[in-house]
Amino acid sequence: MEMISFLDAVPFAETGVWNVPSTGSAIRRHADERGNDFSALLLAMAGHDLRQPLQVITNAHDVLAQTLISEEQREELARAEDATRQLAGMLGQLVEALQLRERSGDDLHRLIPLRPILEDLAAEFAEAAQLKGITFLVTVTRSVAFSHPVLLTSMLRNLIRNAIDYTPAGGGVFVTSRRCGAELRIEVRDTGVGIRAAALSRVFEAFQRADASQADGLGLGLFIVKHAADLLGHRVEVRSVEERGSSFTLVVDAAP
């Protein structure tokens with residue numbers, strides 16, 4: 001499949017590693033494990049407790065559907081219902097991911113066909129791109145990745161959302177993939193504002209935004225992408241030129 005080439009690759013800078021005494025390392029590792037367990041517990045509790053209000057919202061949709069008269073009102077309710085369904089689905093996936101995380105790292109990897117993931121993401125972001133007045137094209141593929149469906153979908157969702165957010169009207173966002181030997185390269189390219197060269201090394205840090213004028217969001221999207229990729233043993237490559245756009249590529253293992 002033809003790859004949309006864009007700019008020169010700029011690898012993500014590796015962080016430094018501090019040398020600490022073995023006893024200190026063991027204490028810090030134990031503290032980190034307890035912190036991770038606590039975070040996982042909080043997320044699991046949230047996943048459980050949020051199901052009830054979501055069910056209330058779903059029931060309210062059913063009641064309202066019987067009282068609305070105009071076609072416009074029905075369309076608005078249908079959109080709200082779709083959003084609620086997506087939220088419930090993502091919540092279920094989050095709980096599944098937490099359960100998988102408790103197992104060994106090998107259990108995280110499965111054979112994942114890319115086509116359903118890309119088709120779902122294309123449908124999910126089509127309206128947002130249309131409302132903003134930008135071209136959004138997703139090229140589906142029959143390739144199969146060796147990854148995790150929840151984490152891979154989340155990484156691509158964050159990259160696509162960022163690309164749409166930072167692309168002005170009249171621009172474009174393009175999602176393509178191709179196999180290179182034993183690897184799959186899934187690229188999300190945009191013609192947006194781009195990233196300053198001085199900021200490239202920090203784009204994967206928490207609470208960082210490529211464009212400070214963007215007030216929405218916490219600046220966690222690329223942070224999540226990088227950490228999910230590290231967990232799965234994937235790579236993330238970024239290429240960008242200010243005022244010309246950016247390209248983020250997930251490099252994952254292809255199915256044998």
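Tutor: Here is a walk from the overall chain to one helix pair and on to the salt bridges. This is a predicted model, in which local features need pLDDT of at least 70 and side-chain atom pairs count only at pLDDT 80 or more, while totals for chains, interfaces and linings use all residues. Residues are numbered from 1 along each chain as its sequence is written, and side-chain values use heavy atoms, with hydrogens and water left out.

Let's start with the whole chain. It has six helices and seven strands, taken as DSSP runs numbered from the N terminus (helices are H or I, at least four residues; strands are E, at least two). From the N terminus on, the order is α-α-α-β-α-β-β-α-β-β-α-β-β. Of the 256 residues, 34% count as buried; buried means under 20% relative accessible area, exposed over 50%, and partly exposed in between, with a 1.4 Å probe and protein chains only.

Now to your helix pair. Helices α4 and α5 pack at an angle of about 25°, with their axes 11 Å apart. The axes are lines fitted to C-alpha atoms, for helices over the stretch in contact, and angles run from 0 to 180 degrees between N-to-C directions. That angle makes α4 roughly parallel to α5 (under 35 degrees is roughly parallel, over 145 roughly antiparallel, 65 to 115 roughly perpendicular, and the rest oblique). On the α4 side, the residues that meet α5 include Leu114, Leu118, Leu121 and Phe125; among their partners in α5 are Leu152, Leu156 and Ile160. Contact here means heavy atoms within 4.5 Å. The residues of this contact divide into eleven nonpolar, one polar and five charged, where Ala, Val, Leu, Ile, Met, Phe, Trp, Tyr, Cys and Pro count as nonpolar, Asp, Glu, Lys and Arg as charged, and the others, Gly among them, as polar.

Two of the charged residues in that contact, Glu124 and Arg157, join their side chains in a salt bridge of 2.9 Å, N to O. A salt bridge is a side-chain nitrogen of Lys or Arg within 4 Å of a carboxyl oxygen of Asp or Glu. Glu124 sits in α4 (residues 114–132) and Arg157 in α5 (residues 149–165), so the pair ties together parts that are 33 residues apart in sequence. Arg157 is buried, at 12% relative accessible area, whereas Glu124 is partly exposed at 24%.

Arg235 is partly exposed at 37%, and Glu183 is partly exposed at 25%. Both belong to a network of salt bridges that also links Arg185 and Glu237.

Finally, look at Thr249 in β7 (residues 245–254). Thr249 is buried, with a relative accessible area of 1%. Not counting residues up to four places away in sequence, Thr249 touches several residues, including Arg185, Arg235 and Glu237, which are members of that network.
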